[in-house]
Each structure stands twice: as C-alpha cells, then as structure tokens.
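Here are my notes on the ligand site, point by point. Have the structure open while you read.

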Amino acid sequence: MLLTLASSRRVLFFGGKGGVGKTTVAAATALAQADAGGRVLLVSTDPAHNLGHLWGRTIGPQAQRVAPGLDAVEIDPDATVEAHLAQVGDALRRLMPEHLSGEVDKHLALSRDAPGMHEAALLERIAETVERGLRDYDLLVFDTAPSGHTARLMALPEMMSAWTEGLLQRQQRAERFGDLVRNLGSDEGIGGRALGGERADTPADRDQRIRELLHRRRHRFAHLRETIVDATTTAFVIVLAAERLPVLETIELHAQLQRAGVAVGGLLVNKRSPADAGTFLAARRRQEAAHLETLRMALPGLAMEQLPLQPDDVLGAAALRGIARQLLPAETS
Ligand SMILES: Nc1ncnc2c1ncn2[C@@H]1O[C@H](COP(=O)(O)OP(=O)(O)OP(=O)(O)O)[C@@H](O)[C@H]1O
Ligand SMILES: [Mg+2]
C-alpha cells in the first residue's frame, strides 16, 4: 500500500500520535521512491524537527540532498513568523509617526504569540513548498507533527482563503476611500508624505503591491486546498502503534480528515511485536491483534500495513531501506 501510494500520488502526508514512527516511515517511503528513480522531497513540518537526527546531519529551511534523488527540508514556523513580523514592522514604522514606534514594537510583540499565528505561518510555507515542489519533484512527502495539529492544518487553507478574500475586499474599499482623500488634497500632502510615500512609492503603488501580495496568497491557499482534496494527487497515511489509545486517536483523526475532505490512503501499524520471540511478546502480539480488529471494524475497507518492531534504533539510509523491505499487510489475528 505505502509503496504503491508513493509511486501513484504526488503528495503524501504522514500523521499520527506522538512517537509512533511518522518521521521514520515518511523517510523510509521517500527513500524507497527515490531509489526507484523518483525525484523526491521530504518535508518536515514538525517544529521539533527530527529529520536531521535521522540522517545524522543538520537540515534546515533550504532543501538539501540526503540521498541520490532525495532532498530534505525542515519548515521552521518560528523563523517564518519572525520574517513576517519584521516585514509588517517595517511597513508600520513607515506609516506611523516616529514617537509611536514604541507602540509598534508592543503590537508586534503581542502578535508574535497571537493564536493561529504559527499555524498561519506554517501553512503559508507548506503552500509555498507544495507550489514549488510540484514543479521540481515527482513526489512530496510531508512528515507532520502529532495528530490534532495536523488535522486542523488540513482544514486551514479553506479558512485562510476566505480570510484573504475578506482582506482583499477591505483593501478595495480602503483604496476607494484613499482615492477620495487624494482628490481632496494634493498627492504630496495627505496621500503622499503623511503615508510615508516617496515619489517612487506612492500610495497607489503601495495599494497595488498589497493587492498583488493578497492575490498571490489567495491563489496559493486555493491551490493547496485543491491539491490536498484531490485524492488522485494526495493521500494521507496515518501511522499508529497497535495500542488502545493510538487506535482511538486514529479513528478520530480519520474522521477529522474526512471532514476536511482529505482522503486517507491507508493505515501503517508500526512496531508490531514478533510472534516468535518468547511468550511475553507473543502475548503482546495477541493484544495488538485485538486492537487492530477494533480498528478494522471502525474503518472497514481501509488498507492496513504493518512494520515489525526493530531490535535497533532506525537511523540512516541503510536502516531505512531495511524497513521499507519489511512492509507487509497487517494481520489482525
Ligand atoms: N519499527 C520500529 N522499531 C523500533 N523502533 C522504531 C520503529 N519505528 C520507529 N522507531 C523508533 O521510535 C522512535 C520514534 O520514531 P519517530 O521519530 O519516527 O516517531 P514520530 O512519530 O516521528 O515521533 P514525533 O511524534 O516525536 O515526531 C525513534 O527512536 C525511532 O527510531
Ligand atoms: Mg517525527
């Protein structure tokens, strides 16, 4: 199921509860597809990045080659928020009188921790990555942060699109108002200098730039939304351990994704206990099978694959290739 999805889709998301193996499985899938000749980009959207740890090197916001045909990148929402706030700060300082610059700083400090700020910044970077990545790569593999966060993110492009649309409409109204003001006085007066405009940067130029920016943004969110709801392009793989809580959380995540219109391509049950390594682990395996049976009943018809528990940590390309070879349909008994 996993390797079929990798060769038939353009975008794969891996999500699930903390510590179940999302990063490991995403990286193994990405590497297998690169080994098969695909150009693949592995993207981490988890603020607690561990792609670097897996590949034994630092991976940052610039894509870098980690294996033949495979590039990796870590999206950093903090850095994105900072860059965005710096831009807004510049614009505000130009618009406001000098003695209010303390107020600007205060406003920016509060915005940094505003609800949704990080998610919006992260989403903007994901949208950018998808837009560019689909041009340069055959497959984009997203290793996401633990469940709740990701499901909210999947529903967000639609909200952000509507929000940007609202801003555009407000901006058009403001522009009409600006025209009115400019017609009342000279451009050098109210419209020009008071708004921080220089000759080469009239309010009309600035309005135009803001409008272009908002249009680009709306287009980008709409494109992301179209991409993730198209089941022939995008699939979401839920990774889980065969335990009670991860199973319940998987059922919940599946429902959330369905509400967001995102197709779940399959379930990957990781760290299955061996049947032939003593009575303790054999009992554990029977318990796991019972949980998987619950899962199968709750989500009938969904492809389910499994990976055995490894004796060692999974680090580096050789170990990842080893795990891709051990993917098997999941047994529920
Ligand atoms: N099949 C396996 N057998 C043994 N260890 C595994 C297996 N899969 C993953 N691991 C180990 O489990 C740990 C967690 O894996 P991983 O980092 O891939 O999980 P994650 O879901 O990405 O975690 P997080 O939610 O923190 O991002 C790692 O140390 C990894 O090497
Ligand atoms: Mg991870």
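**Notes on the ligand 1 site**

1. A polar side-chain atom of Asn270 lies 2.9 Å from a nitrogen atom of ligand 1, a polar contact in the sense of two N or O atoms within 3.5 Å. Keep in mind that this is a predicted model, where local features need pLDDT of at least 70, side-chain atom pairs count only at pLDDT 80 or more, and totals for chains, interfaces and linings use all residues. Residues are numbered from 1 along each chain as written, chains are lettered from A and ligands numbered from 1 in the order written, and side-chain values use heavy atoms, with hydrogens and water left out.

2. A polar side-chain atom of Lys271 is 3.0 Å from an oxygen atom of ligand 1, and a polar backbone atom of Gly21 is 2.9 Å from an oxygen atom of the ligand. On its own, ligand 1 has 630 Å² of accessible area (Shrake-Rupley, 1.4 Å probe), and the protein covers 78% of that.

3. Who is around the ligand? The shell holds 16 residues (a heavy atom within 4 Å), and Lys22, Thr23, Thr24, Asn270 and Gln310 come nearest. By type, five are nonpolar, eight polar (Gly counts here) and three charged (Asp, Glu, Lys, Arg). Helix α2 gives the most to this shell, three residues.

4. Ligand 1 sits in the second largest pocket, meaning that more than half of its atoms lie within 2 Å of the grid points. A pocket here is an open set of points on a 1 Å grid, with protein on both sides within 12 Å along at least five of seven lines. The volume of this one is about 540 Å³.

5. The pocket has 25 lining residues (an atom within 4 Å of a point); Gly19, Gly21, Thr24, Lys271 and Val314 are closest to its centre. Again α2 supplies the largest share, three residues.

Methods:
Polar contact = N/O pair within 3.5 Å; in protein donor to acceptor, adjacent residues only side chain to side chain. 1 Å grid on protein atoms, 1.4 Å probe; cavity = no way out; pocket = protein on both sides within 12 Å on 5 of 7 lines; lining within 4 Å. Helix = DSSP H or I, 4+ residues; strand = E, 2+ residues; numbered from the N terminus. Points joined across faces, edges and corners; volume = space filled by probe spheres on them.
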